[in-house]
Amino acid sequence: MTTTTCLPTPLISLQMEFARALSPRDDTVYPVTATNGLLIGRRWTEADHAAPYAVRIGYEKRFYALALDFDAGHDSMHAEQADRDARDAYDLLTDLGINCVLIESGPTGGRHVQATIEGGVKPWVVARIMNGLKRIDFPTLDPSPMRNVKTGAIRPVGSPHRAGRFSYPLSHDPKDALAVLECRNEPRRVELLAAALPHERRDPLRVPAGEDAPGKAVSEPKNTYRSGSEEVAAEATKVLNAGGTEDDFRRAMGARKDGPDAVGECLQKHAARGDLASWLARTWRRQAAFVRENPPIRSVAAADDRAVIAAWEIAVGQIPEPGARRAAQALLTSASAQGRALVGMSVRDLAERAGLTRGSAQRALTALRADGMLEIAGEAVGGQATRYRLVHPDAWRCDTGGTVSPTAVGGVGLLTVPGMSQVVELARDVSLDLWRQGGLGEGGRRALEALSRGHEGSEEVPIAILPDVLGRSRRTVERTLGDLAAVGLARKIRSGVWVAEYRDPDRVAEQLGVAGAGEDLQRRNASERRQERLKQAKRRAQYLLTQDKWRDLSAGAVGRGASTDRDQALAVA
């Protein structure tokens, strides 16, 4: 890697050639300002080659080069990440047969990966590539050079950097790098890359298991046209299914008596005859008998999202297996934040949020699905995770040991005393380091959660009730409460009575010696996730490369020029 402050001798005679090789606009260069803006273009002979300059990479609605810019920021950690991202992208392109050059941008540690394209490609191809790279997870990738075909620009090899030094090739010596850029890639290779990378298209969500028609009683008449008497009977059925009484039905009919629809006309006819009250009574009795013999089939999975989340808040603490319980709590936290019983989460994400290993998180998901607590609403596609639907606890197939009785304030999931919201959130956040192995663990988290609920409207909790709530012996509960008290999360106010207390979880994790465990897991999972997605993209590209249909499409696109159809290319992908 070059560390000199002046332009290396091999590049002095190649500056103009690098600019011409990268740009379709001959030898026009654009001076770069201190804020990375571009000034009016100048001919090469008129430009100041000692100041930073860039070249356009788009022309007439086509991109003629791939310019991947990886920003290093202002510290060594970002510089190392930019170098890793650039090398992974360089390996991905070279594995697909795309000739490219890995370049050091300047002294800050930034990197460029540049490749030229014969005849150029349409902007949607480049947009697909940039979105796919983002889904693979390249955090330092700057999309601005490829964002607009009219304004897209990049500094070529040999261009000075505003912080000193020059852009210099790392993967080749200068002459070989120039030869790579002058040997332009076929457009079909770039289109192949776009097709191989993860994309955003997903299949529709699956219908919940056993769902007939959400919000519609099965025993209602099915015909599309109803007479007035049939509409009245259907209204009686709705009232019965909702648990209403005959008085509710009469009030509903009284409100519609003067209406201009078929129901109003029917009611007015019977009122004129003088038998409206007796006719409504007969209708109610007839429909009540029908509903008793043909009860409506309601799908638990079709329940209102808020009702499902509220039921989960009560039942999730009673899941017997600790790993499944932590995973369920993490899913519940995500569902509550979104306000819907649909959660998209990968196994690695679940492991990070639940404080589990990847294998434990996978086993927990399997157990939750086997017990009917979760169902798959949408399969994983590309870089997007599987989507799970939370199932109402009434449909669970496991024994949760009974439900927890509500407190005097209203419910287990609600605040029991003023000022306890922080403790409730602390106990429910299973992703915190202090709840991991080596810290307080799952037993400590559940004990704090039980204390945060209070007892009979008070924040004071007698220890005598905790063994039954937690499913542990009295001795184990006492030891757990002692561990909580040692770090300031619980306090014994008198014999046999405890209260929960709040403390900064980061300070507690430092005291327990487990601070940073979650961040280490996240970095490890992020690296594994990206490597796996890179492998998937490479396998996908090799598969597409062997398909005659793709080759025919690519050859036709090159021969017809602008006649390449986006939908056809995406269909192949």
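A crossing of two helices is called left-handed if the near helix is turned anticlockwise from the far one by less than a right angle, and right-handed if clockwise. That term comes up below, in a tour of a predicted model, where local features need pLDDT of at least 70, side-chain atom pairs count only at pLDDT 80 or more, and totals for chains, interfaces and linings use all residues. Residues are numbered from 1 along each chain as its sequence is written, and side-chain values use heavy atoms, with hydrogens and water left out.

**The whole chain**

- The protein chain has 22 helices and 16 strands; helices (H or I, at least four residues) and strands (E, at least two) are DSSP runs, numbered from the N terminus.
- Of its 573 residues, 50% count as buried, where buried means under 20% relative accessible area, exposed over 50% and partly exposed in between (1.4 Å probe, protein chains only).
- Take the contacts (heavy atoms within 4.5 Å) between residues at least 6 apart in sequence: 68% of them join residues at least 24 apart.

**Helices α2 and α5**

- Helix α2 (residues 15-22) packs against helix α5 (residues 174-182) at an angle of about 25°, and their axes are 9 Å apart. Axes are lines fitted to C-alpha atoms, for helices over the stretch in contact, and angles run from 0 to 180 degrees between N-to-C directions.
- The two helices are therefore roughly parallel; angles under 35 degrees count as such, over 145 as roughly antiparallel, 65 to 115 as roughly perpendicular and the rest as oblique.
- α2 passes α5 in a left-handed crossing.
- On the α2 side the contact is made by Glu 17, Phe 18 and Ala 21, and on the α5 side by Pro 174, Ala 177, Leu 178, Leu 181 and Glu 182.
- By class, this contact has six nonpolar, no polar and two charged residues. Here Ala, Val, Leu, Ile, Met, Phe, Trp, Tyr, Cys and Pro count as nonpolar, Asp, Glu, Lys and Arg as charged, and the others, Gly among them, as polar.

**Strand β1**

- In a regular strand the side chains alternate between the two faces of the sheet.
- Strand β1 (residues 28-31) is covered on both faces, with Thr 28 and Tyr 30 buried on one side and Val 29 and Pro 31 buried on the other.
- Two bridges join β1 to the antiparallel strand β3 (residues 53-56); strands pair if DSSP finds at least two bridges between them.
- Pro 31 stands opposite Tyr 53 of β3.

**Arg 348**

- Arg 348 sits in helix α13 (residues 347-354), and counts as buried at 9% relative accessibility.
- Leaving out residues up to four places away in sequence, Arg 348 touches Arg 358, Asn 525, Glu 528, Arg 529 and Glu 532.

- Four bridges link β15 with strand β16 (residues 497-500), and Arg 491 stands opposite Val 499 in β16.
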